[in-house]
Amino acid sequence: MKRSHEPILWALFGAGGVVSALLGPVLILVTGILGPLAIGLPPDALGYPRALAFAQSLPGKVLLLAVISLFLFHAAHRIFHALHDVGVHGGPAGMVITYGGALAASFIAAGLLLTIGI
Amino acid sequence: MAQVRPYVRPMKGWWRRNPYFVRYMIREVSSVFVAIYALTLLVGLVRLTQGEAQYEAWRAALANPLSILFHGVAFLFLSYHAYTWWLVAPKTAPDLRIGKKPVPDRAISAGGWAATLGATIVVFCLVRWM
């Protein structure tokens with residue numbers, strides 16, 4: 001019997017849902033609004049030295065990979081199924097674009113975090 | 001012979017007919033902002049590996065008013081996602097019990113919302129003071 005890949009994709013969707021529910025609002029607030037406007041944060045809070053040191057630390061690497069990868073798998077799952085709901089039936093090609101895109105971006109992020117040094 | 005013409009209920013725009021499904025669609029659309037934000041971070045990581053000038057160019061792009069506007073909208077969608085995620089968490093959570101009594105649905109949701117609020121405060125303080 002052909003085994004379903006749905007449990008794996010749902011687990012990634014669920015993990016991404018939890019991480020984005022916990023960290024999504026504050027990350028967007030910090031990196032997209034307060035940081036660039038330097039409101040409530042020092043102007044160099046997201047500057048090059050700090051960002052590099054963060055990406056070179058083990059907790060930073062884990063967090064960056066988890067956020068980028070799980071956010072994308074979460075979104076891939078929702079976009080794939082929501083498109084079905086509005087009559088766009090992606091099929092295998094749609095899965096390659098959504099889940100495959102999330103997988104490819106995860107590998108790119110992992111590769112960058114491995115080569116950026118420690 | 002009479003032709004059989006079964007009535008097929010039209011499905012076009014089905015989700016606009018009921019506020020429940022409109023909220024469902026808003027929730028699903030939040031994932032588009034989740035994806036765009038993750039890709040924005042990935043681009044930032046790429047630029048970070050390329051050097052200081054490239055990374056600072058990425059930061060300058062994020063200070064563009066259109067970028068701020070996008071992140072403002074994305075913040076609202078991500079907040080709605082967090083709200084709905086914990087709202088339905090009782091349906092997906094394992095059977096949680098204190099003693100023999102099942103944990104009420106509202107307590108599970110409230111725990112999730114509190115966790116998001118706590119994580120928000122912790123992350124902001126870490127970025128601000130560490």
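Predicted model: local features only at pLDDT ≥ 70, side-chain atom pairs only at ≥ 80, totals over all residues.

Mentor: Residues are numbered from 1 along each chain as its sequence is written, and chains are lettered from A and ligands numbered from 1 in the order in which they are written.

Trainee: What pattern does chain A follow along the sequence?

Mentor: Helices (H or I, at least four residues) and strands (E, at least two) are DSSP runs, numbered from the N terminus. Chain A has four helices and zero strands. Read along the sequence, the pattern is α-α-α-α.

Trainee: What radius of gyration does chain A have?

Mentor: The radius of gyration is taken over C-alpha atoms, and the globule rule is 2.2 Å times the number of residues to the power 0.38. For a compact globule of 118 residues the value would be near 13 Å. The C-alpha trace of chain A spans about 55 × 30 × 20 Å along its principal axes. The radius of gyration of chain A is 17 Å.

Trainee: Which helix gives the largest share of the side of chain A that touches chain B?

Mentor: Two residues are in contact if their C-beta atoms, placed from the backbone, lie within 7 Å. The contact takes 39 residues from chain A and 39 residues from chain B. On the side of chain A, the largest share, 15 residues, comes from H1(A).

Trainee: Is A:Phe71 buried or exposed?

Mentor: A residue is buried if 20 or more other C-beta atoms lie within 10 Å of its own, exposed if 12 or fewer, and partly exposed in between, with C-beta atoms placed from the backbone. A:Phe71 is found in helix H3 (residues 58-85) of chain A, and among the residues it touches are A:Gly16 and B:Val34. Because 30 other C-beta atoms lie within 10 Å, A:Phe71 is buried.

Trainee: How far apart are the end C-alpha atoms of helix H3 (residues 65-92) of chain B?

Mentor: The expected span of a helix is 1.5 Å times one less than its number of residues. The 28 residues of this helix should therefore span 40 Å. The computed distance agrees: 39 Å.

Trainee: Where in H3(B) does the kink lie?

Mentor: The bend at a residue is the angle between axes fitted to the seven residues ending there and the seven starting there. In H3(B) the kink is about 30° and comes shortly before the proline B:Pro90. The kink lies at B:Trp86.

Definitions and conventions
Lists of a residue's contacts leave out its neighbours within four places in sequence.
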